[in-house]
Amino acid sequence: MRADDLAQLSELGIQALAHYGVRTILDLRWPEEAARSPSPVPDRLPQLRYARISLLTHTEDEWRLRNREAVKELWKCAVLEQVRAELRTVLSFIAAAPPEPLLFHCVAGKDRTGLIAALLLALADATPAAIAQDYSVSAEYLRDGYLRRYPEVGRERILEALRCPEEGTYNMLAFLESSGGVRAYLGEIGLSADEITRLRARLRD
């Protein structure tokens, strides 16, 4: 499952997470983000396995220098090109996790998590349209909450920040095809055949 920042959970939300069946939490945020909004999971739900692995390089400043502000439609391609070692670490962790419900999250739950979800869905043979829809619908789910959460920020600015263009997913899938497909790309960044099989098995029998 993918989610937004668990630091936003209320007491009831924390209990709902505990009862939902999730057993592993993977936090994809930068250390600076985690410090600003600490996750309640390690203290409140110590029975869950918790790990934080930054997907977009080690720090925010490092990512800004490496990324150079790619437009949203090409953002996923930039990540696939530029953070291969980090991506391998994240996917290896998911592959090695016990075969129980696993939740991964960042801050908004749409871009970093959306990329991981798209890769897993592609590996599970979901259609391109379904993968693109899974990403784009995030904007709809997040809109009302963000408008309430940031009343001092202009509506148009929030809507642009939340925009999840399907074109970005289709561009990512084209990038994968140019690499020989999702399996070939995952092998290229260092995942073993066994890890790729286990990742696929998390979504398919």
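Here are a few friendly notes on the pockets of this predicted model.

1. How to read it. Residues are numbered from 1 along each chain as its sequence is written. In this predicted model, local features need pLDDT of at least 70 and side-chain atom pairs count only at pLDDT 80 or more, while totals for chains, interfaces and linings use all residues, and side-chain values use heavy atoms, without hydrogens and water.

2. Confidence. The chain has a mean pLDDT (the predictor's confidence in each residue, from 0 to 100) of 93, with 99% of its residues at 70 or more. Helix α11 (residues 182-188) has the highest confidence, 98, and α4 the lowest, a mean of 82. Helices (H or I, at least four residues) and strands (E, at least two) are DSSP runs, numbered from the N terminus.

3. The largest pocket. A pocket is an open set of points on a 1 Å grid over the protein atoms alone where a 1.4 Å probe fits, with protein on both sides within 12 Å along at least five of seven lines; lining residues have an atom within 4 Å of a point. This one holds about 1,000 Å³ of space. Its lining has 34 residues, with A108, K110, D111, R112 and A161 nearest the centre.

4. Who builds that lining? Helix α4 (60-67) and α8 (128-149) are among the elements that each give at least two residues to the largest pocket.

5. The second largest pocket. Here the space is about 370 Å³. Of 18 lining residues, M1, L102, L120, R202 and L203 are closest to the centre. The largest share, 4 residues, comes from α12.

Notes. Grid points are joined across faces, edges and corners, and a volume is the space filled by probe spheres set on the points.
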